[in-house]
Structures are given as C-alpha cells and as structure tokens.
Amino acid sequence: MHLTVSRWPFDPPNLRLPEDNERWWDECYLPHAVQNLLETRARWCILLGAYQSGKSTALDALRRKMEGIALVIEDDSLVKQDAPEGNILHRILSRASLTLRQNLIEAPAKISLLSQTQLEFLRWSVEKFHGHRAFMRWLDGLPQEFSQSLYAIPFEDLYPSPTSDVQGQIEELTNLSARLGYQQTLALIDCPPFPTTEQEQEIQHILGWLEPMQHKLKGIMALPPHYTPQKIKELCRGRADVFELEPDFNYNREVISRHLTAATDGAIQKLEQIGSPKLISQLRNFIQDEFYAPAIGAWIKVIDIILHEMRAEASFPLTIDSLPKIISSYYSRFASLRLGPAHANLGVWRGYKWIPLDRALYEFLVLLIRYKGKHITHEISQTSKGNLHTLARRLRVAIEPDPTYPIFLHNSKGEGYWIEKNVL
C-alpha cells in the first residue's frame with residue numbers, strides 16, 4: 001500500500017511554515033487538563049513535569065490563548081543564553097516595553113487613554129531598556145497626533161536600579177496594562193532542561209525573590225524535572241502554586257492519534273495501525289526507561305521514525321524485528337551525549353537519561369570528546385592497548401543502548417576509537 005506522509009506535524013515550531021504552524025495548533029495540539037488551572041490562578045504558578053512532557057508547549061499555548069486578553073511577556077533568556085542579562089524584573093520590563101511598542105503601533109489611538117504618569121513610565125521603559133534612538137524611531141512610526149504627547153515628555157530615570165522600589169515598577173506596569181484594556185499582566189518564563197551553573201543560580205534567584213510574587217504581576221514558570229514541589233515550596237516560601245504535567249494514557253493516545261491523522265491525511269489514525277502489539281509494548285518500555293515517564297514528546301519522535309520506516313519498507317504495521325532500527329534511529333537523531341560537570345557526581349546525559357560514570361570512564365570520555373572525530377590510540381590515551389580496549393568496552397556498556405551495535409563509540413582495528421557525532 002502506498003502511503004503519503006507529511007513532515008510538518010513532527011517539525012519543531014521554528015522549522016514549520018507559518019501556515020503549517022497554525023495547522024499544528026488546530027489539528028495536533030490537545031490542551032492538558034492542568035492548563036485551565038494555570039489560567040485561573042491569580043498567584044504565580046510553577047509548572048513541573050518530566051523531560052519531553054510538554055511544558056514549553058503548554059507555555060506557548062497559554063501565550064496564544066491569552067494574547068489580546070492579557071499583556072503577555074515572554075522571558076526565554078534562560079533558554080537562549082548561559083547568563084541572562086539583569087534580574088527577572090529587568091527582563092520582564094524590557095520585554096514588556098517591546099510588546100507595548102508593537103501593540104501601540106497597531107492601535108496608536110490607545111495612547112490617548114494614558115495618564116501623564118503612565119506616559120512618563122512608557123517613555124522611561126522604552127528609552128531605559130532600548131535606548132534613545134529606539135524611542136525616537138518608535139515615535140516616528142506613530143501617527144503625529146498620538147506621538148506628540150510622548151515627544152513632549154523629557155526622559156527621567158524613574159527607577160535607576162532594577163531593585164529600587166520593585167512594587168512601584170510593577171504597579172506602574174500593571175496600571176498601564178489595565179488602562180490599555182488588558183485584564184492581566186502575565187509573564188511566561190521557560191527554563192532549559194540542562195541548566196548551567198549560572199542559569200541554576202538565576203532560577204533559584206527568581207524563586208527566592210518574593211517581592212515580584214506579592215504584587216499584581218502574575219508569572220508562570222516551567223522548571224526542569226530535578227525541581228520537586230518540596231524544593232520549590234522551600235525556595236519561594238509558599239508564594240507560588242505548583243502544578244505537574246502528569247502522564248495520562250488517554251491524553252497520550254489522543255495526541256498520537258492527532259499527529260498520525262494529520263501526517264497521513266487520515267489514512268492512519270491509531271498507534272495499533274503502525275506497529276504490532278509486541279513492538280508497541282517494547283517501545284512503551286523503552287520510553288519509560290529513558291524518561292521515567294510515558295513522555296509524549298518522545299512518543300511523537302518515535303512515531304515520526306516509524307512512519308519513515310514504513311515508507312522505506314512499503315508495508316505496515318511494523319513488527320518487533322524493526323525495534324533495533326527504530327531505537328538506533330532515535331538515538332542518532334534525538335539523543336546526544338552531554339557531559340556532566342567534572343566535580344561531584346561524574347556522568348553523562350544520553351539524551352534525557354543520566355548515566356553515572358566512574359573517574360576512569362569519565363576521563364576517557366572527556367578525551368574522546370576533546371578529539372571528537374579523531375582516532376584515539378593507546379599512545380594518545382597514554383595507556384596500554386589492553387587497558388584502552390578495556391576502557392572502551394566498559395564505556396560502551398555504560399553509554400550504548402546496545403553495546404553490540406554501538407551508536408556513539410566507534411572503532412577501527414589498528415586505528416583506535418572515536419566519537420564522531422551526537423555530542424554536545
């Protein structure tokens with residue numbers, strides 16, 4: 001049977017065409033039950049969940065739903081860089097000024113709704129965080145009858161420090177937001193799955209800095225899995241509500257069905273149509289073992305691989321014989337090695353699974369990564385041939401899903417060992 005499969009349901013958001021992205025939200029996305037709770041809480045909310053459980057997608061869904069109702073401010077600086085600039089309030093105000101500038105370009109008549117104090121704050125926020133030239137360019141893009149009131153306001157550094165009168169800065173922002181017709185001022189804060197030391201410090205600073213949590217500003221923050229409800233409670237001293245994206249069998253089945261239907265134009269709608277019961281059972285065990293949860297993000301990646309294999313073999317459902325190829329493809333495409341710190345607990349991340357290593361294996365892996373793509377001989381490793389082979393064998397047992405079919409650590413007889421790719 002000939003099967004046509006579309007790629008767009010499985011592409012990451014940044015690689016989808018705008019029209020495909022809208023289709024994804026309409027045809028593939030399914031809100032998790034916790035989303036309604038995040039929307040209705042007035043306090044700060046912390047979102048927890050396993051790797052690939054959909055926390056970032058949940059934040060993006062909230063942004064889409066709340067835009068136009070709330071002044072939505074996204075802080076993704078932790079995801080994009082090692083050391084975020086300024087504290088959380090600095091980043092919220094900076095991004096709020098960008099959002100306000102764009103919104104007022106689209107609806108400049110709303111400027112007339114603002115009081116003199118609010119105009120002063122708006123002038124301050126744009127010039128403070130983006131510079132005088134950016135402020136003047138923005139005014140030049142506004143109709144003259146609305147820009148005149150801002151031209152006439154001299155710049156005054158109302159809040160010289162990000163920590164000076166925190167309540168005042170938040171109150172001015174939320175009052176301005178309300179005057180423009182927004183029901184809420186909402187900050188969405190995403191975090192990387194593997195925070196650096198600097199990022200970890202900033203996450204704990206956000207959770208421990210209680211003052212922004214005690215005013216009208218609402219924040220929703222998605223945290224990596226090593227944060228527990230108890231740890232969050234201790235850091236923010238009960239000032240935030242904690243919610244978890246808990247695994248749900250029926251939810252996962254429906255999301256998988258939606259992706260299959262969209263990708264095959266309705267020709268395939270159920271997981272059972274693409275894999276035998278034994279294959280699906282083993283894949284379920286594989287995902288549970290790698291993520292310690294039935295992670296929906298991992299399932300979508302596996303479905304993508306299965307559809308690719310089905311097209312290659314021109315038959316379905318696939319049998320248990322396809323399992324090694326599916327798992328190998330998963331690791332090759334989606335599970336890079338990422339070294340842990342060279343102190344405390346030594347180890348490496350294989351995708352989203354932590355693998356502890358002893359000192360000898362850790363240092364051997366460091367050497368392989370340092371010479372990535374080059375052959376490591378016993379001369380380079382400054383050890384005997386026998387010891388080199390022993391290290392390589394032990395490392396394969398530790399990091400390879402199946403040491404007899406290595407994905408990460410390769411060797412060529414007489415030339416040595418190497419790691420070619422899949423290393424971050």
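How many cavities of 30 Å³ or more does the count come to?

## The enclosed cavity

In this predicted model, the count comes to one cavity of 30 Å³ or more, a cavity being a set of points on a 1 Å grid over the protein atoms alone where a 1.4 Å probe fits but cannot get out. The largest cavity has a volume of about 100 Å³, a volume being the space filled by probe spheres set on the points.

Its lining consists of 13 residues, and S53, L245, E246, P247 and P294 lie nearest the centre of the cavity; lining residues have an atom within 4 Å of a point. By class, eight residues of this lining are nonpolar, three polar and two charged.

## The second largest pocket

A pocket is an open set of points with protein on both sides within 12 Å along at least five of seven lines, and the second largest pocket has a volume of about 540 Å³. Of the 17 residues that line this pocket, P195, G340, P341, W349 and W354 are the closest to its centre.

Helix 10 (197-208) and strand 6 (337-339) each supply at least two residues of this lining, which divides into nine nonpolar, six polar and two charged residues.

## A buried arginine

R396, which lies in helix 18 (residues 385-399), is buried (under 20% relative accessible area, 1.4 Å probe, protein chains only). The side chain of R396 does, however, reach the backbone oxygen of L409 at 2.9 Å.

## Basis of the values

Residues are numbered from 1 along each chain as its sequence is written, and side-chain values use heavy atoms, with hydrogens and water left out. Because the model is predicted, local features need pLDDT of at least 70 and side-chain atom pairs count only at pLDDT 80 or more, while totals for chains, interfaces and linings use all residues.

How values were computed:
Helix = DSSP H or I, 4+ residues; strand = E, 2+ residues; numbered from the N terminus. Nonpolar A, V, L, I, M, F, W, Y, C, P; charged D, E, K, R; others polar. Buried < 20%, exposed > 50% of the residue type's maximum accessible area, 1.4 Å probe, protein only. Lys, Arg positive; Asp, Glu negative; His and termini not counted. Salt bridge = Lys/Arg side-chain N within 4 Å of Asp/Glu carboxyl O. Polar contact = N/O pair within 3.5 Å; in protein donor to acceptor, adjacent residues only side chain to side chain.
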